[in-house]
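I am opening a notebook on this structure. The entries follow the order in which I looked things up.

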Amino acid sequence: MHIGKTIPHSEFRIMRVVRTVSVVCLAIALIPVGTRAQEAGDPTLLRSHASLFGVGYHNLLDTYLSPLEYTGTEVRILREHARLTHLMNDRVAYQNTLQGHIAYCKSPTDDAKTISGMVDWTFAWRYQWQPSESLTLQAGPAIGTHLGFAYNTRNGNNPAQARIAVDAGLSAAASYRFQCLGKSFTARYQADLPLVGAMFSPNYTQSYYEIFSLGNYDHNICATHLFQAFNISQMLSLDMPLGNHTIRLGYLCNIRQSHVNHLKSHDWSHAFMLGYVKQFQLIKPNRKQP
Amino acid sequence: MMKRATNLLPILIACLTAAIFSRCVTEDDFDNTPSGNFEALWHLLDEHYCFFQEKADTYGLDWNTVHEKYRQFLTPSMTGEQLFEVCARMIRELRDGHVNLTSSFNVARYWDWFEQYPSNFSDSLLRKYLGTSYMLSAGMKYRILEDNIGYIYCGSFDQNIGSGNLNAIFTKLAICDGLIIDVRNNDGGLLSSAQSLAGCFTNQEITAGYMAHKTGPAHNAISSLKPVKLKPAEGMRWQKRAVVLTNRSTFSAANAFAMYARACPKVILMGAKSGGGAGMPFHAELPNGWSLRFSACPMYDSNKQSAEEGIEPDIAVNMTAEDLIVGRDNIIETARAYLRQ
């Protein structure tokens, strides 16, 4: 915004047009197809819901359970809701992602198994830029909650580990819209990087019997930061039209790690995702009575 | 500004990717070789075992010396059984019944804590005292003896003991003049079951013992002692005198039960010193898949004395060969006489 300077009327009109085009481009980037009918409307009424299912590789380490890395297969579901908000002149996109996975991993010698699962719920508010008509960049804060477990089938008094964490960090995304064979495609990359947070952890060899049966707490809520709990979730996806639908293909790399209370853990996921994207526009009721 | 952001994006991605590889949280790898497995075993115990300080004070255990002593027996071509033998001998240096190494062909163990002592228990005599019409609840066999003394034999705490079980047992035995709880040859199980049973012998919350855990890899990194509060059972509670019978095979959770019961009023311990095992065991594993069990959380009695080596009875009683010949369990008979007084 210019302050103390009069803007010529023609320039003001051009700015309005550029802003409108930018908002529409962002909406197009978020909602790749099927939005032509809404271009003239309020872009914040546009909604994009994506549902993905994935299968991938999982590498698990939790030194509370075992010093060995377990590897195996995971299945993952992901539900993503995205829309523009009215914040900062309709330039902030809100994304709500709920994903869950369950993994079945084996020890290196296949003598023991570990079953792990986690539900991650993240909220991101990203300011968006429009460097070109086809490219949209977004960055902003994000918060997340994570609830899960790891269960080792072999252990006695240390059979399981609870995974409970909350964090706050940065989220960034870039989407690029392009034409191929007369169809519109959108490639998108997104990364969520928690910077600070808190997590639950037993204190080294502290047993769950002590914590939950005797009520003996000992540094069980640990503050976390980037350097002892480096976590990152990255997703590369391609939205492609298929008939009247939009199909999303993606690769998800989810890295969750911690090193607190002298206990090390990591969950490394590499999953290929497949799903569909649904777009729709909310219709505001006309409050004016005829 | 937008252009600058575009230029920064690849840098951001590169930084994040570099950060991923530089900040990987991993554990030290040991090879699946005789040497690698031996070192993994030694380091796992070195960093997680909870009684190093106590064993050093008791009989001068030096874990570094143990490492040097047994490492010389390793050869690259040794068989699994040979490696197992070396590892088994090494962990026996800890003199702890909770430390075991389990392979597909053997379990390395230290059982001197009961094998080197009189058993003070006879299955045959137990069968004689229980007869065949005893009642059974949550693994506990119980009946009323001829002199109106209640008798409960609890051979394991593996089963969960609930308030319904305890109410049923104590309702049946309520008419008795005294009660014997026999935990001889009970090798443990659930600490919560031991606590539930002990809770029948107190009318108010008491500190029945203490518990701690390791807070880091150092041998002396032990947390402060936290009290184990014994809450009174919600249902029936025993108000008369009771005797808990122990022998050297009273181990782990049964040892904890003896510890908790001793803190209760009107309860005494009789028989032989219990077997100990006052370190709640954890599990880990070696690169070759062998499972390791070790003491991780030490427990102490209500006077903050370690219960690892066992608990001395209030009245020491032993069984003799003559008792076995005449078919008389001297420990049970002494308890009956005490309760009849």
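How many of the 15 residues of strand 3 (residues 92-106) of chain A are buried? I noted first that this is a predicted model, where local features need pLDDT of at least 70, side-chain atom pairs count only at pLDDT 80 or more, and totals for chains, interfaces and linings use all residues. Residues are numbered from 1 along each chain as its sequence is written, chains are lettered from A and ligands numbered from 1 in the order in which they are written, and side-chain values use heavy atoms, without hydrogens and water.

**Entry 1: strand 3 of chain A**

I found that 11 of the 15 residues are buried, so strand 3 of chain A is largely enclosed by the rest of the structure. Buried means under 20% relative accessible area, exposed over 50%, and partly exposed in between, with a 1.4 Å probe and protein chains only. Strands are DSSP runs of E with at least two residues, helices are runs of H or I with at least four, and both are numbered from the N terminus.

I then looked up the neighbours. Strand 2 (residues 66-85) of chain A runs antiparallel to strand 3 of chain A, with 15 bridges joining them; pairing requires at least two DSSP bridges. Ala103(A) of strand 3 has Glu74(A) opposite. Strand 4 (residues 113-129) of chain A is also antiparallel to strand 3 of chain A, again through 15 bridges. Here Ala93(A) stands opposite Arg126(A). Strands 3 and 4 of chain A form a hairpin with six residues between them, and Asp110(A) in the turn has a positive phi of about 65°.

**Entry 2: the sheet in chain B**

I read the strand order of an open sheet of seven strands as 3-4-5-6-9-10-13, with mixed pairing. Strand 3 (135-137) and strand 13 (315-316) of chain B are at the edges with a single partner strand each, so one side of each has no neighbour in the sheet. Strand 13 of chain B runs parallel to strand 10 (residues 267-271) of chain B, joined by two bridges. Ala316(B) is the bridge partner of Gly271(B).

**Entry 3: a helix pair in chain B**

I looked up helix 4 (residues 63-71) and helix 5 (residues 80-92) of chain B, which pack at about 155° with axes 10 Å apart. The axes are lines fitted to C-alpha atoms over the stretch in contact, and angles run from 0 to 180 degrees between N-to-C directions. The two helices are therefore roughly antiparallel, a term for angles over 145 degrees. Trp63(B), Val66(B) and Tyr70(B) of helix 4 meet Val86(B), Arg89(B) and Met90(B) of helix 5 in the contact, meaning heavy atoms within 4.5 Å.

Key
Parallel < 35°, antiparallel > 145°, perpendicular 65-115°, else oblique.
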